[in-house]
Amino acid sequence: MIERDRGGRFFAHLLLIVGVLIVAFPIYYTFIASTQTIQTILRPPLPLTPGGEFAENYGQALFGGVGRIGGVDVGTLLFNTSVMALGIALGKIAISLLSAFAIVFFRFPFRMFFFWMIFVTLMLPVEVRILPTYKVMVDLGLIDTYAGLILPLVASATATLLFRQFFMTIPSELVEAARIDGAGPMKFFRDILIPLSRTNIAALFVILFIYGWTQYLWPLLVTNDNRMNTIVIALKKMVSFADADTPWNLVMVTAILAIVPPVLVVVLMQRWFVRGLVESEK
Amino acid sequence: MPKAAFPNKLLPYLLLAPQVLVTLVFFYWPASQALYQSVLKEDAFGLKTEFVGLANFSAILSNPNYLSSLQTTLIFSISTALLAMAPALLLATAAEKVVRGKGFYRTLMIWPYAVAPAVAGLLWLFMFNPTMGTFAYMLRAAGVPWDPLLNGDQAMLLVVVAAAWKQISYNFLFFVAALQSIPRSLVEAAAIDGAGSTKRFWTIVFPLIAPTSFFLLVVNTVYAFFDTFGIIDAVTAGGPARATETLVYKVYIDGFVNLDLGGSAAQSVILMAIVIALTAIQFRYVERKVHYA
Amino acid sequence: MAAIELSEVRKVYAGGVEAVKGVSLTIPDGAFCVLVGPSGCGKSTLLRMVAGLEGISGGTVRIGGRVVNDLEPASRDIAMVFQNYALYPHMTVRQNLEYGLKNRKTPKEEIARRVEEAARILEIGQYLDRRPGQLSGGQRQRVAMGRAIVREPAAFLFDEPLSNLDAKLRVTMRAEIRRLQRRLKTTSLYVTHDQLEAMTLADQLVVLNAGRIEQAGSPMAIYEKPASLFVATFIGSPAMNLVPLDGPGASPLATLAGPGRGRQVLGIRPEHMRLLDGGAGVRADEIVLDLVVSGVEVVGAESYVTGRLAHGGPELAVRVPGYSHLEPGAAVKAAAPLGAFHRFDAESGRRLELA
């Protein structure tokens, strides 16, 4: 930091390399396993380098179907999970943009009432109200539907609060200039507010996509049909340590495929991700 | 001057409608159901329902299983929070020291955040399960009687490690941000005052990132309470012998497996109270952060 | 081209606060009218009511003879320049200029022609493809004016457009705004709290105080005959010297009192007084005052010597050409022409004219 501390810097690198190895190792280990035959996997210790079954295992999992989860192929699972993650991310962003726009740029009776009504939902994660929410889904006939996977998780205040906070930093003169320039509210929303919110939208998208992709309890409850499962749920269903016929090679492939898309999103959109993470907690 | 506003009367309600609708149907309705059911007793077939007041609550709070689950949750949460924070702080401090490769380390460090909790649990289980895990094999070869599927303490250790692993990314990013926000001049002043590097850390840096640490402690506790359902379910399913049955897991088991609706609802209500308390603590912290800034 | 007419315009906020208390004012076609006053006097509110950004609680606003009370800002045929420029940060300069025209469905060729023209007048041609964030304060100010010009509106509204610029740029831009307005001959309403800006820009100067017009007229008319104590002290820098006639040290001035019985305040501007060398050279129409120097402020080309008429009396500033070497405590004599004094009623603050 201050002195030209070469030894300290070397030690820091060493520490970071060890840290990165530990942090990344479980993923690497699973990747190795996903390229081995089932026999190799079942005979520890696992080799430290990839085996030769990459194409075979991945092809089988993606297109061939996996017996333990009703012959559904991982491609279908990836599709379901993508629909869910994108639906949650885009749905939340859309309804939050609209509601934050209403709360910040309009004056109307019960404005604060609505604000608080939305704000309170910040406090309660789905996990603590699962049973009644499940009953609602049954009553509405939303079991085994994409709507059922997505809608209950769209009801949260985080995105609305974030957009509200951002909108409040927009100078009122900008609104006034737009009004004088002949832009009505929706034109202002489309031409000025949305473009100005781009980075916030991107940041939130990453966070919400991950949130949607990694859901567990909710998809577990609202999907009975194997073909509606998300990849995380299907993975859990495939694994059984008691049964001898668990297709471990395919389990490992599925695990890797469950990890790769969200990791790619996080790594490729790193700048927005870090920003979104730090800001959404303020 | 008040914030500029559009004069439309009806439009704001239309804009709010989607979120309000979704919130009412999927939040307020179920939440009020939970409150309502928490004071009812229903038999397992749903044929008879009677009002029992706070009986469900008193039954839960005097149930040894519930109390031990509470204890399990506390042990799990605190261990997870500490195990997720300490290495993250160490690594963040190291990342602050290095000049080159900061971005590289960060990129590799944030992967676990994107891994679903259930999958994270499975990854660790792959490495440590007694039948095929390489590390389980090594532990046994070293003479350690390792079997997390039978030994409750080992099961707890495994879920704690998996849960903490996933959270390191998050803590790392926040600690890096906090360390970066410390004015250089402060650290330099301390160096001029003759404080060595270790002393500087404990007397200057650590107090300045204390608010962040406290914030992370709350966030990690909330995470361990609620977001680790997947890990528990995938790794231990609450076992062996309820050794890893956390409160959230118990709500699920009692509601969906044991079909004790009133009891499950009452547990939900208690959990809601805990969340509200934790959120309140977090907000007080946010207010205080303003003064630190 | 259009006149702006306000009649008995009032603004009452929801909480009952009356920000504008009945203002009537006519700005002739092509005139440059400046509203000046301290913060909170209602000048911005008044401007925003003309723009349509604030509701009008009472009275009528006409632009070009048309009552605009209930029209949207966009339908009032006005353009506005804001204090913080309010440029759309995500659009290029060209897009900023075009936005209002596009919303009005102006033909493409016409938009291009007007943008071209505005860019030429304001010399911002080379910035057209940049974003506002890449421009300096002065350049942004020009773009903000360009956005107003391209609209070719009936009136320009300026809301303290120069406050965010540094002192030097402010002087340049002030001259530029004036030149531009002369050239385009567009009726303009300009709000500022800076009396110097107001004096130099206005054809018609309106001094507002507490939601009412204190005085309206040409800048020099107001400067020479301030209608009230408020105007007298607000317009002119340093401010007009005031001496309450019943206060300490005022006895030498008692003969200057105007008609009427009430308590009076005399006013004299620093530049109308001069220091006497010794006591010689007093003209017949002058009155001589004894001052004890309390401070000297050297501005460069001139100095302001402040002194007291008597112990505990009011402090008077006297403009002195060049550099003054006087020390605090020195006794000096100052002369002032009898005709340069202003008289005000101490109770109402209104100006008193000699019969």
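Chain A and chain B meet in a contact that takes 81 residues from chain A and 84 residues from chain B. Keep in mind as you look around that this is a predicted model.

**Where chain A touches chain B**

- Which element gives the largest share of chain A's side of the contact? That is helix H1 of chain A, spanning residues 6–34, which supplies 15 residues.
- Sorted by class, chain A's side of this contact holds 62 nonpolar residues, along with 12 polar and 7 charged ones.

**Chain B on its own**

- Chain B has 12 helices and 2 strands.
- If you follow the sequence of chain B, the pattern reads α-β-β-α-α-α-α-α-α-α-α-α-α-α.
- The C-alpha trace of chain B spans about 75 × 75 × 30 Å along its principal axes.
- How many of the 293 residues of chain B count as buried? The share is 45%.
- Take the contacts in chain B between residues at least 6 apart in sequence: 69% of them join residues at least 24 apart.

**The two domains of chain C**

- Chain C is assigned two stretches, with domain 1 covering 4–228 and domain 2 covering 238–352.
- The C-alpha centres of domain 1 and domain 2 of chain C are 39 Å apart.
- The contact between these domains takes 4 residues from domain 1 of chain C and 5 residues from domain 2 of chain C.
- On the side of domain 1 of chain C that touches domain 2 of chain C, there are 2 nonpolar residues, 1 polar and 1 charged.

**A sheet in chain C**

- Chain C contains an open sheet of 4 strands in the order E11-E12-E18-E19, with antiparallel pairing.
- As background, the strands of a sheet pair through backbone hydrogen bonds, in either a parallel or an antiparallel way.
- Strand E12 (residues 264–268) of chain C pairs with strand E18 (residues 342–345) of chain C in the antiparallel sense, over 4 bridges.

Note on methods: Residues numbered from 1 in each chain as written. Chains lettered and ligands numbered in written order. Predicted model: local features only at pLDDT ≥ 70, side-chain atom pairs only at ≥ 80, totals over all residues. Contact = placed C-beta atoms within 7 Å. Nonpolar A, V, L, I, M, F, W, Y, C, P; charged D, E, K, R; others polar. Pairing = 2+ DSSP bridges. Domains from an automatic or database assignment. Buried ≥ 20, exposed ≤ 12 C-beta atoms within 10 Å, placed from the backbone.
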